[in-house]
Amino acid sequence: MVKCQRQELLGDEIRKHLESGKQVSRLALIFDDHVSFVLGEDLVVRKLKFLDGAVDELENTERDSLNAELDARFALMSAELSRLFIALEAALKLSKPSRPEDWR
């Protein structure tokens, strides 16, 4: 078992660990300076956090009311999660279930 923190994923040290048969069980990542999360070996996203890069976009919008601000935050977070899951789907070569009842 090896615990690596703040390591370059494409570096020689990580490559050698993987070549020797070690497997990743948890991987902390930052997506586009907007979202940080931990991806588990079960592909569950944990410890999701929206970073300043995502929240800064709200500073550039005018808000007339609390409801408008909440709507803007929800829309922003939904868009960021959508982008994240599209990127994860492509990076991990996942396919979507063909029927909605299989989405569970």
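Reader: Where is the place of Lys93?

Author: Lys93 has its place in the segment after H3, where helices (H or I, at least four residues) and strands (E, at least two) are DSSP runs numbered from the N terminus. The model is predicted, so that local features need pLDDT of at least 70 and side-chain atom pairs count only at pLDDT 80 or more, while totals for chains, interfaces and linings use all residues. Residues are numbered from 1 along each chain as its sequence is written, and side-chain values use heavy atoms, with hydrogens and water left out.

Reader: Why does Lys93 count as exposed?

Author: Buried means under 20% relative accessible area, exposed over 50% and partly exposed in between, with a 1.4 Å probe and protein chains only; Lys93 has 74% relative accessibility and therefore counts as exposed. Its phi is near 55°, a positive value in a residue other than glycine.

Reader: What makes Asp32 count as partly exposed?

Author: Asp32 counts as partly exposed because its relative accessibility is 46%, which falls in the range between the two limits. Asp32 sits in the loop between E1 and E2, and its phi, near 55°, is positive although the residue is not glycine.

Reader: How do you know that E2 and E3 pair?

Author: Two strands pair if DSSP finds at least two bridges between them, and strand E2 (residues 35–40) is joined to E3 over four bridges in the antiparallel sense, with Val38 standing opposite Arg46 in E3. The open sheet has three strands in the order E1-E2-E3, with antiparallel pairing; strands E1 (26–31) and E3 (45–50) are its edge strands, since each pairs on one side only.

Reader: Which residues make up the largest nonpolar core?

Author: A nonpolar core is a set of buried Ala, Val, Leu, Ile, Met, Phe, Trp, Tyr and Cys residues joined through side-chain atoms within 4.5 Å, and the largest has six residues, namely Phe31, Val35, Phe37, Leu39, Leu84 and Leu88. E2 and H3 are the elements that give two or more residues to this core, and E2 gives the most, with three residues.

Reader: Which residues does Val35 touch?

Author: With contact meaning heavy atoms within 4.5 Å, and not counting residues up to four places away in sequence, Val35 touches Leu29, Ile30, Leu48, Lys49, Phe50, Leu51, Glu80 and Leu84.
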